[in-house]
Amino acid sequence: MVGASTGIGAALVQALAARGARVAVSARSRERLEALAANCGPAMVVEPMDVTRPEDFERVRDGLVDAWGGIDLVVLNAGTYRPLRAWELQPEAIRETLDTNLFGTMAGAAAVIPQLLGQGSGAIALVGSVAGYGGLPKATVYGPSKAALINFAETLYLDLAPKGLGVFLIDPGFVATPLTAQNDFRMPALISAEDAAQEIVAGFGRGDFEIHFPRRFTRVLKLLQWLPRRAYFALIRRATGL
């Protein structure tokens, strides 16, 4: 699990550990990872890493393969979010978001896919967002990074599913995490990170390609994509007040 120290990642680690899974957790903060591991039992492996450094993925991959003989599921969850309007765009914020959300995730996939292909089994899960479905206020960089991940996950599925590998795309709606705590607008259908983790585990069990939740919200957003853009923009402005 990459991006395991807080929010959905930490909740998903706990949910998997509760089901008896052997989990390796990664993020930049060793202290948070060790605190998580202390709550989940001795089977958890702590491997701090920075997703903007491809060599970190290779180091962690090689260590886990040496220790475990293989990898069953890789969850690439690391992400960052900075709410920005169009007039607040700055190159630093663009780079920070894309380096973590897009380039880091793609580098992680590049590191683990050869291992999964060599095993002839295993799965990879990418955490996108409903913000990638269509333009949303304040998701000026975050939304495009997640839209690219959705496209990337679909492409991975086309290549890897025929070879026997699983590919999952996780598209959460609004989940109460330190990242969404930055929002100063009403977040429809907000759910807890623990509820999000249960949705993800259930989606893994069903073998869904896209695991999106809460469905009472995500289905509406999917339907909105069929509207003419003028109607879509009007409804988004009315819903967000922005």
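In this predicted model, the largest share of the lining of the largest cavity comes from helix H4, which supplies three residues. The lining is made up of Val2, Val51, Phe57, Leu76, Asn77, Ala78, Thr100, Gly104 and Thr105. Sorted by class, five of these residues are nonpolar and four are polar, and no charged residue is present. The space in this largest cavity amounts to about 30 Å³. The structure holds one cavity of 30 Å³ or more.

Helix H4 spans residues 91–119 and packs against helix H3, residues 54–68. Two packed helices are described by the angle between their axes and the distance between the axes. For H3 and H4 the angle is about 35°, and the axes lie 9 Å apart. The crossing of the two helices is right-handed. On the side of H3, the contact is made by Pro54, Phe57, Arg61 and Val65. On the side of H4, Gly104, Ala107, Gly108, Ala111 and Gln115 take part. By class, the contact comprises five nonpolar residues, three polar residues and one charged residue.

The volume of the second largest pocket is about 480 Å³. In total, 22 residues line the pocket, and those nearest its centre are Met1, Ala24, Trp68, Ile71 and Leu73. The lining of the second largest pocket consists of 17 nonpolar, two polar and three charged residues.

The protein chain has eight helices and eight strands. Along the principal axes, the C-alpha atoms fill a box of roughly 55 × 40 × 35 Å. The radius of gyration of the protein chain is 18 Å, which agrees with the value near 18 Å for a compact globule, because the chain has 242 residues.

Note on methods:
Residues numbered from 1 in each chain as written. Predicted model: local features only at pLDDT ≥ 70, side-chain atom pairs only at ≥ 80, totals over all residues. Heavy atoms only, no water. Axes fitted to C-alpha atoms, helices over the stretch in contact; angles between N-to-C directions. Helix = DSSP H or I, 4+ residues; strand = E, 2+ residues; numbered from the N terminus. Left-handed = near helix turned anticlockwise from the far one by under 90°. Contact = heavy atoms within 4.5 Å. Nonpolar A, V, L, I, M, F, W, Y, C, P; charged D, E, K, R; others polar. 1 Å grid on protein atoms, 1.4 Å probe; cavity = no way out; pocket = protein on both sides within 12 Å on 5 of 7 lines; lining within 4 Å. Points joined across faces, edges and corners; volume = space filled by probe spheres on them. Rg over C-alpha atoms; globule rule 2.2 N^0.38 Å.
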